[in-house]
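This report is a guide for a reader who is meeting the structure for the first time. Please keep the sequence and the model in view while reading.

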Amino acid sequence: MRSARGRYATRPMIASLGLALLLGVGAVGAGTALAADPDPVLLVHGYRGNPSTWAQTVSWFAEHSRTAVAIDLPSEDNVVNAAAIRDFIAAQGWARVDIVGQSMGGLSSRQFVKFLKSSAVVDSYVSLGTPQYGIYTACALPLTYGGQMCPTSRFLRALNRKDDTPGKTFWTTIYSTSDLYVPNSSSRLDGGACHIQVSGVGHNEMDNDPTIFAHVLAAVDGTCDGTFK
């Protein structure tokens with residue numbers, strides 16, 4: 001199991017200042033807090049979603065002098081979507097990137113990070129209410145139209161085989177006790193990840209909640225303000 005320290009030991013200062021800015025404390029300007037150029041952030045929507053669901057989050061990132069771009073996924077098939085994520089990043093010319101995925105978007109993103117070769121380095125991965133270990137309501141859906149979220153699907157068995165969190169990517173999973181669709185136990189990541197549990201935020205609101213954004217901002221800078229396990 002990896003430690004949350006080590007490679008990311010120089011990054012907490014950036015994240016702490018970013019959180020201070022978000023909460024309106026301190027007198028440090030965004031330009032000062034982010035002296036080094038941060039990675040662009042790719043936002044990946046969930047099942048039957050679209051880029052517009054990230055509008056508020058894009059605005060918040062911009063307020064912190066961060067570039068955040070939302071991808072329009074081509075399908076409800078995580079394997080197809082993972083290839084689209086790879087191609088989108090390549091088209092942007094990004095050498096490094098942080099990825100934030102909401103709900104099923106976290107599965108498409110993890111499929112990309114875990115199995116597809118890319119010229120870009122994924123420094124941080126953050127999932128919001130993602131059914132990493134599936135939800136049984138998805139078992140009634142066609143395999144390539146959400147059915148891959150079924151706990152017994154071949155897709156999830158392959159995705160969760162061995163280490164859920166390989167490589168040097170900083171992995172974070174954020175989940176809410178108020179999520180009525182995805183049980184918190186299904187949102188876990190095994191093998192070394194930051195786990196953050198919140199309350200009072202519904203499944204479909206997790207991509208535009210200010211409290212969750214504070215956690216996301218820390219996570220993309222390699223800081224775990226939850227429990228690393």
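## The disulfide between C139 and C150

In this predicted model, C150 is buried, with a relative accessible area of 7%, and a disulfide joins C139 to C150 with an S to S distance of 2.0 Å.

## The disulfide between C194 and C224

The structure holds two disulfides, and another joins C194 to C224, with the sulfur atoms 2.1 Å apart. Because C194 lies in strand 6 and C224 in the loop between helix 7 and strand 7 (227-228), this pair ties together parts that are 30 residues apart in sequence. C194 is buried, with a relative accessible area of 0%, whereas C224 is partly exposed, with a relative accessible area of 22%.

The torsion about the S-S bond of C194 and C224 is about 80 degrees, so the disulfide is right-handed. When the bonded cysteines of the chain are numbered in sequence order, the pairing reads 1-2, 3-4.

## The nonpolar cores

The largest nonpolar core has 22 residues, and those with the most contacts inside it are F61, V100, V126, L128, I174, I212 and V216. Two or more residues each are given to this core by strand 1 (41-44), helix 3 (55-63), strand 4 (121-128), strand 5 (170-176), strand 6 (194-198) and helix 7 (210-220). The largest share, six residues, comes from helix 7. Apart from this core lies another one, of 18 residues, with I89, V113, Y125 and A193 among them.

Leaving aside residues up to four places away in sequence, I212 touches L128, I174, V198, V201 and M206.

## Helix 7 and its ends

Helix 7 is mostly covered, since nine of its 11 residues are buried; these buried residues are I212, F213, A214, H215, V216, L217, A218, A219 and V220. Just after helix 7, G222 takes a positive phi of about 80 degrees.

## Aromatic rings

A search of the whole structure finds six aromatic pairs. Y47 and Y145 form one of these, an edge-to-face pair with 5.7 Å from centre to centre and 75 degrees between the planes. This pair links distant parts of the chain, 98 residues apart, as Y47 lies in the loop between strand 1 and helix 3 and Y145 in the loop between strand 4 and helix 6. Y47 counts as partly exposed, at 24% relative accessibility, and Y145 also counts as partly exposed, at 39% relative accessibility.

Elsewhere, W60, F61 and F213 form one aromatic cluster; F61 is also among the residues with the most contacts inside the largest nonpolar core, and F213 is one of the buried residues of helix 7. A charged side chain is placed against a ring as well: R188 lies over the face of Y133, at 3.6 Å from the ring centre.

Methods: Residues are numbered from 1 along each chain as its sequence is written. This is a predicted model: local features need pLDDT of at least 70, side-chain atom pairs count only at pLDDT 80 or more; totals for chains, interfaces and linings use all residues. Side-chain values use heavy atoms; hydrogens and water are left out. A nonpolar core is a set of buried Ala, Val, Leu, Ile, Met, Phe, Trp, Tyr and Cys residues joined through side-chain atoms within 4.5 Å. Buried means under 20% relative accessible area, exposed over 50%, partly exposed in between (1.4 Å probe, protein chains only). Helices (H or I, at least four residues) and strands (E, at least two) are DSSP runs, numbered from the N terminus. Contact means heavy atoms within 4.5 Å. A disulfide is a pair of cysteine sulfur atoms within 2.5 Å. Rings of Phe, Tyr and Trp (its six-membered ring) pair if their centres lie within 6.5 Å; planes under 30 degrees apart count as stacked, over 60 as edge-to-face and the rest as tilted. A charge sits over a ring if NZ of Lys or CZ of Arg is within 6 Å of the ring centre and within 35 degrees of the ring normal.
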